Amino acid sequence: MALKMVKGSIDRMFDKNLQDLVRGIRNHKEDEAKYISQCIDEIKQELKQDNIAVKANAVCKLTYLQMLGYDISWAAFNIIEVMSASKFTFKRIGYLAASQCFHEGTDVIMLTTNQIRKDLSSPNQYDTGVALTGLSCFVTPDLARDLANDIMTLMSHTKPYIRKKAVLIMYKVFLKYPESLRPAFPRLKEKLEDPDPGVQSAAVNVICELARRNPKNYLSLAPLFFKLMTSSTNNWVLIKIIKLFGALTPLEPRLGKKLIEPLTNLIHRYVWQILLCSLRTVLISLSSGMPNHSASIQLCVQKLRILIEDSDQNLKYLGLLAMSKILKTHPKSVQSHKDLILQCLDDKDESIRLRALDLLYGMVSKKNLMEIVKKLMIHVDKAEGTTYRDELLTKIIDICSQSNYQYITNFEWYISILVELTRLEGTRHGHLIAAQMLDVAIRVKAIRKFAVSQMAMLLDNAHLIASNTQRNGICEVLYAAAWICGEFSEHLEEANQTLEAMLRPKVTTLPGHIQAVYVQNMVKLYASILQQKEQAGDKEAAQEITQLMIERLPQFVQSADLEVQERASCILQLIKYIQKLQVKEVPVAEEVIALFAGELNPVAPKAQKKVPVPEGLDLDAWINEPPSDSESEDEKPKTIFHDEEQRHSKPRHPEMDEEELARRREARKQEQANNPFYIKSSPSPQKRYQDTPGVEHIPVVQIDLSVPLKVPGMPMSDQYVKLEEERRHKQKLEKDKKKKKQKKEKRGKHHRHNSLHTESEEDIAPAHRVDIITEEMPENALPSDEDDKDPNDPYKALDIDLDKPLADSEKLPVQRHRNAEALKTPDSEAPPVEKKSKKPKKKEKKHKEKEKDKGKKKEKEKKVVEEEEEKKVIRGVMSSSYGPYLLLCFVLTYDIQGNLQNDSQVTVSVIFENKSTSFLKSMELNVLDSLNTKMLRPEGSSVHDGIPVPFQLPPGISNEAQFVFTLQSIVMAQKLKGTLSFIVKNDEGSTHEKLDFKLHFSCASYLITTPCYSDAFAKLLESGDLHMSSIKVDGISISFQHLLAKICFHHHFSVVERVDSCASMYSRSIQGHHVCLLVKKGENSVSIDGKCSDPTLLSNLLDEMKETLSTC
Amino acid sequence: MIKAILIFNNHGKPRLSKFYQRYSEDTQQQIIRETFHLVSKRDENVCNFLEGGLLIGGSDNKLIYRHYATLYFVFCVDSSESELGILDLIQVNLLDMGYAHCFYYICTYFFSLIFYVHNILAEMVMGGMVLETNMNEIVTQIDAQNKLEKSEAGLAGAPARAVSAVKNMNLPEIPRNINIGDISIKVPNLPTFK
């Protein structure tokens, strides 16, 4: 034995180890990929060897390759093998590899459960430690559920090293298995007062993470933390606790008052910068609730200023970070430091500049918006590096558009800023600018005229923007420009010129979706020109413009983009028709313009979601019973939102109940009347403009549009800044005058208008009477914020009330509990093994049975066929005749695997593991043959002879032996009784022992996962010589994905095709039966239709499947 | 929470990567590339915090890094970690003590650097949360584990170590002295083969 080991390690010397691999990769710089694939081949060879050291070495190398980006999931099973090595050296390598590459999708991860449990209870603390560390990286919901109890036990381990790890990993367990939080919480709380500082800090860590997401459940712990804070000297713990208090105080203002004093003490006590920083931040957030602490806030801000002015860049950064926190609660106190922040914008460090930008966002007011944006624009010009410039761009837009354009007083200025931004090269945010243009033009009616003129100019200069279309996203603005010009064409002064600009051949180089908008909007333009000309009686000009369209449109008809092509050819036909009518001198303009009648209202993005479901409407009910199962899919209850769609579509459906409509309209009007922002029912914007009294008092600046328009390039926003300043000045003068006159009530359009403070920013009335139309929402929209929350938020599940007493049903599943359940199912996949001892006189008999389905993946060299195997564990704990204290533990693990070469043989691999302290030898395995299934014995031996196991087992060792069985028919599941006899040898002598077991051959174990293409699959189904059967299982809560994985895994199927919640699956038996499945998932049930060349096999398979699924 | 710990060299070649959230191998490489791209273009004397990694986490996330000799040590963390605290962790634990320590170990136990650093990290950070900040405690645990490993290797390990030692012989770069900041560590002499 020892010789063999030495020999093994001598062989091993000449294998590549990790250093060789690393060195090799360095030496093969030019053909690295080739070298690595060669190495992977070597590793595959090494993994096939029995020597665990060789395997560990191979896994070691794989871990390195994984870091370089190579997928090593194929070696998952080998990693588990290394994990289960008895030596710590290998175990550590195995767990490291597992932590790097295992995840929830790794199917063999189920196999690790027992191994991990074993390691967790290992007497060696480092085995336990390494298992915990590994588990923390790849814990899955299943593992969390199965191991939660074991980890809970470890939380009270004698060694602090284990305790702290166990405490910390509980957080991961909670995340994956939220039910464990309540039962584990009392112990977690206990650990806050653990004598070991490491354990204490781990507990604080876990609770802080938990509380960060759902602070309200942890308020009751505040006194405890308060105590900890005043007594602890560990800086890490202090930081965590302070952060925790930061989260708790907003919920409990009284806490804040209590905290102020100790925190101030802490500031005096500690010089440590880290602490100082976080302390300040929290102090600030604490006092936010209390108005009388504004003095201390001022002090803090002063201190922060010193930090920001510090030469250390890190402190400067943290200072700005803290500042942005104060900004949220005390904007006023920060605003006085605007100079400092603007100075930081010039910093060479991007992180600091970004922080400063963030601060700016909160500092703008009506007064300083223009100034700040002007500064930012200068930075945009100077900025090197597109990321920073893009960041600036988004910030400018964010700042301007925040809270519904609250700070913008002059939208002309804003539009010109947007137009200026289009000059940026290589920005990714073209669509953002476009969206802003559209938003402003649609919602601010007064600005449309100006916007249209600017957009027309953009279109005219399209060649500047579109010169390098493919590279940058800025051409997106043309999308907005074209749409605005088309939709609001009545404001266009030189429509002809714009139309021609849109028809330029260069346009065809733009991206497809923009061209499509071009095509659509040139018709709108055309329609309005036509109307103009006809009204003027200029028939010739009208025909000319039609001719122009007919000449130029074909270039779009030839477009490669389908959308453009379709629109263009449709419109071309329309215009040809118009031409015909024109020749006959029929006036057409009215009818053409009618195509685009009506106005589009902005609809809030969430409007559709907020439409309440009318009472009595069941969205899941069928409107018409589906005729048959197969056709039901395309019948979606689409018409539910009919009512909603009608309101937004321009032509009203006549069949709508008139009375109902009228009633609703009335209600809506009433609602809108109460909404100061909602002014839209008036016939035309200009008209209302004049209607409104008091308009004359607002000095509308006569902007000389010709100035910016005649600049050949783009407009200059600076001019607007100057104009705006003048305007404000004038306004102020006027106001002073008016004040003297008094009394003339000025009806400011904004409710925030207020004439008390002369200098207040609210005084600045907007240049235009701006109607900011709020986005339309459906009536009776449910006012809910819930849609802002992510339903998949993993932390939501942890929002659990921790103060309720623990119910019995909430206890953590102990492993026995689950087994008992498994026992109840009469025909579960792997039946527990009956264990009997020959001598019935034992005093304590433990009966522990376990079964666990396991699987592993193997790669067959040439075939793509992947075989899934099933692993079954038989664990018997046997008290032997050796006296009451000796427990003999023997574990059998077996898996059944179809033999591809021989259609009537299966191989059963059995892993024998000796868990006792005695030596086991002369093992013989015998199985009682049935008519159908026989064990393949060596020639000449009788049916009653057992097959000797070719090895002996020292304590703690496991080994594998294979037995071949021949079968006649595979259509039925089989159970074979067997006996394992062996001799137990220890210091006191040796005895003969026997272990009875049952081998379960399920039908699924005769199936071999075989890939199948959908056409072959369809052919197979059509052939008609398959028998059909189906089952339905209710109460399935797992996801469809998971469900399919389960079927694939347990029953050796492969997915042929998957559409939504319907999938077809295929498998083949070793005797060549085809099995096809159609799996459909309903609300919480699953129906499986199966087709198979053998009806018995099919029904047995379906029964097994039902069994598996019903445990889901 | 710490989302990931990355160590790569001046050319962006990963030397160690530890992700505490699941990403596919391709995404992991992209994250490393992106992080390298962000970090490498920064000057030496700017702050050690960085925002803007798009792939990992998003807005709540920060990169905290240190550039040391030829290596970048980067921690991707979310807002619940203290910035200076993590920086301290990198500085004190990983660099000052760990780095010197691990050179020592490469020389004596023929450990591979990557596994050694992984072991330190495992004692320091677990599942994305800081486990232990006391360096003495970490070193004690690591030493105990290595001793255990060495005792396991016993007879069988000797030839492998010998070969490994021979392979390492031509390594010219085993340093005699390590100077980090104002700390100077003398590397012990190589032990003779056992």
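How much area is buried between chain A and chain B, and what share of it do carbon and sulfur atoms give? The buried area is about 6300 Å², and carbon and sulfur atoms give 54% of it. Buried area is the accessible area (1.4 Å probe) that two parts lose on being put together, summed over both.

This is a predicted model: local features need pLDDT of at least 70, side-chain atom pairs count only at pLDDT 80 or more, and totals for chains, interfaces and linings use all residues. Residues are numbered from 1 along each chain as its sequence is written, chains are lettered from A and ligands numbered from 1 in the order in which they are written, and side-chain values use heavy atoms, with hydrogens and water left out.

**The interface**

Chain A brings 71 residues to the contact and chain B brings 68 residues. Contact means heavy atoms within 4.5 Å. A:Met67, A:Arg92 and A:Trp236 supply 12% of the area that chain A buries against chain B, more than any other three residues.

Between the two chains there are 5 salt bridges. The term means a side-chain nitrogen of Lys or Arg within 4 Å of a carboxyl oxygen of Asp or Glu. B:Glu132 pairs in this way with A:Lys164, and their closest N and O atoms are 2.7 Å apart. On the side of chain A that touches chain B, 28 residues are nonpolar, 22 polar and 21 charged. Here Ala, Val, Leu, Ile, Met, Phe, Trp, Tyr, Cys and Pro count as nonpolar, Asp, Glu, Lys and Arg as charged, and the others, Gly among them, as polar.

Helices are DSSP runs (H or I, at least four residues), numbered from the N terminus. Axes are lines fitted to C-alpha atoms over the stretch in contact, and angles run from 0 to 180 degrees between N-to-C directions.

| Helix pair | Angle | Axis distance |
|---|---|---|
| H6(A) (residues 88–101) and H8(A) (residues 125–138) | about 10 degrees | 8 Å |
| H29(A) (residues 495–502) and H31(A) (residues 539–552) | about 10 degrees | 11 Å |

H29(A) and H31(A) are therefore roughly parallel (angles under 35 degrees). In their contact, A:Asn496, A:Leu499 and A:Glu500 of H29(A) meet A:Ile545, A:Leu548, A:Met549 and A:Arg552 of H31(A). That contact holds 4 nonpolar, 1 polar and 2 charged residues.

The H6(A) side of the contact with H8(A) includes A:Lys91 and A:Arg92. The residues there divide into 8 nonpolar, 2 polar and 3 charged.

A:Lys91 also forms a salt bridge with A:Asp119, with the closest N and O atoms 2.8 Å apart. A:Asp119 lies in helix H7 (residues 112–120) of chain A and A:Lys91 in helix H6 of chain A, so the pair ties together parts 28 residues apart in sequence.

Note on methods: Helix = DSSP H or I, 4+ residues; strand = E, 2+ residues; numbered from the N terminus. Parallel < 35°, antiparallel > 145°, perpendicular 65-115°, else oblique.
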